[in-house]
Amino acid sequence: MKIYVFGLREDEIEPLNQWKVANSDVDVDYTTEILTEETANLAKGADGVVAVQTQPYSRHALEIIHDLGINKFSVRNVGLDGFNFKDLNDFGFTLTYVPVYSPNAIAEHASFLVGRLLRRVPEFDKKFQSGNFKWFPTIGTEISGKTVGVIGTGHIGSVFARIMRFGYGANVIAYDIDPNPALENLGIYVDTLDELLEKSDIISIHTPLAPKDHHMLDAAAIAKMKDGVYLINCARGGLLDNNALIDGLDSGKIAGAGLDVLENENGIFQNEFDSVEAVDDPIFQNLAHRDNVIITPHTAFYTERAVHNMIFDSMNDNKAMISGKEPKNAVDTHK
Ligand code: COI
């Protein structure tokens with residue numbers, strides 16, 4: 001049995017080697033290239049493929065994999081917005097994903113973004129570098145007592161809600177079309193997204209990017225928010241309309257934003273430039289130069305535990321499918 005891995009990063013080599021030691025009956029080969037129509041043929045001879053990327057999976061690349069006789073596909077991440085499920089179904093793929101590699105990784109990162117924004121860390125960092133160790137006028141705001149609105153309360157959103165409520169003492173409210181039974185006893189759910197938008201001082205979004213949720217937070221949604229709201233997005237860039245965000249920051253409606261994802265991140269994140277200024281993207285330039293915006297390059301997930309689990313869970317599921325067994329995390333692509 002052979003599994004071909006696309007887009008393997010340096011930090012994934014060690015966990016992959018560990019997996020191989022425990023699964024010596026599987027032949028594993030890999031490329032550091034992501035899956036595209038140019039690289040798809042590298043999987044020739046494999047029984048299954050494992051991939052991760054933030055760039056969309058093109059229909060043609062999937063067609064090439066299918067023409068190689070492969071129909072077992074595992075991604076080693078949670079977000080599935082890079083797929084058009086119709087393509088997967090047309091080519092008869094079965095798909096697995098890794099929904100719970102480490103909810104804490106992302107929830108903790110989101111909480112750090114809140115803390116860094118409210119305590120004005122970027123401004124203090126700048127002052128420090130210039131030898132200015134004065135307090136005034138960089139006074140902060142406390143999270144305790146603030147109303148934190150959590151949109152989406154799956155694995156990640158629910159950990160974030162608990163950190164905010166029990167760690168910081170915030171008044172947490174949440175909205176989800178499908179409330180999480182594990183949180184029901186906290187009494188945090190509001191009935192509508194609008195209610196959450198209207199009541200929150202800080203809003204953090206933790207939903208997948210389904211086509212219907214593109215620009216869930218657009219100009220109309222932002223208009224409903226409190227003046228001086230803080231926005232956190234560690235989910236998907238496409239959930240937040242960048243132009244509306246910039247307008248909100250310009251007017252002061254939005255006091256600050258912590259962004260681990262950007263709609264225009266492909267081609268920027270995971271690349272190295274000579275400087276921030278060398279990034280040829282007006283939206284990125286606009287956001288990157290504000291003291292009240294913190295951008296992290298899609299690193300919320302990036303912890304040792306998460307990377308280990310992404311490799312192990314995806315490889316285990318791909319092997320299970322090839323062996324004719326039930327994978328742990330199958331995706332229903334027909335829904
Ligand atoms: C995800 O798990 O969906 C992420 O956003 C992480 C990234 C490696 C794609």
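## Strand β9

Strand β9 (residues 229-233) is largely enclosed by the rest of the structure, because five of its five residues are buried. Buried means that 20 or more other C-beta atoms, placed from the backbone, lie within 10 Å of the residue's own. Strands are DSSP runs of E with at least two residues, helices are runs of H or I with at least four, and both are numbered from the N terminus.

Val229, Leu231 and Asn233 point one way from β9, while Tyr230 and Ile232 point the other way.

## Model and numbering

This is a predicted model, in which local features need pLDDT of at least 70, side-chain atom pairs count only at pLDDT 80 or more, and totals for chains, interfaces and linings use all residues. Residues are numbered from 1 along each chain as its sequence is written.

## Neighbours of β9

β9 pairs in the parallel sense with strand β8 (residues 202-205) over four bridges; pairing requires that DSSP finds at least two bridges between two strands. Asn233 of β9 is the bridge partner of Ile205. β9 also pairs in the parallel sense with strand β10 (residues 254-259), over five bridges. There, Ala257 of β10 is the bridge partner of Leu231.

Helix α8 (residues 219-224) forms a right-handed β-α-β unit with β8 and β9. Helix α9 (residues 242-251) forms a right-handed β-α-β unit with β9 and β10. Right-handed means that, with the strands pointing away from the viewer, the path from the first strand over the helix to the second runs clockwise.

Technical notes. A residue is buried if 20 or more other C-beta atoms lie within 10 Å of its own, exposed if 12 or fewer, and partly exposed in between; C-beta atoms are placed from the backbone.
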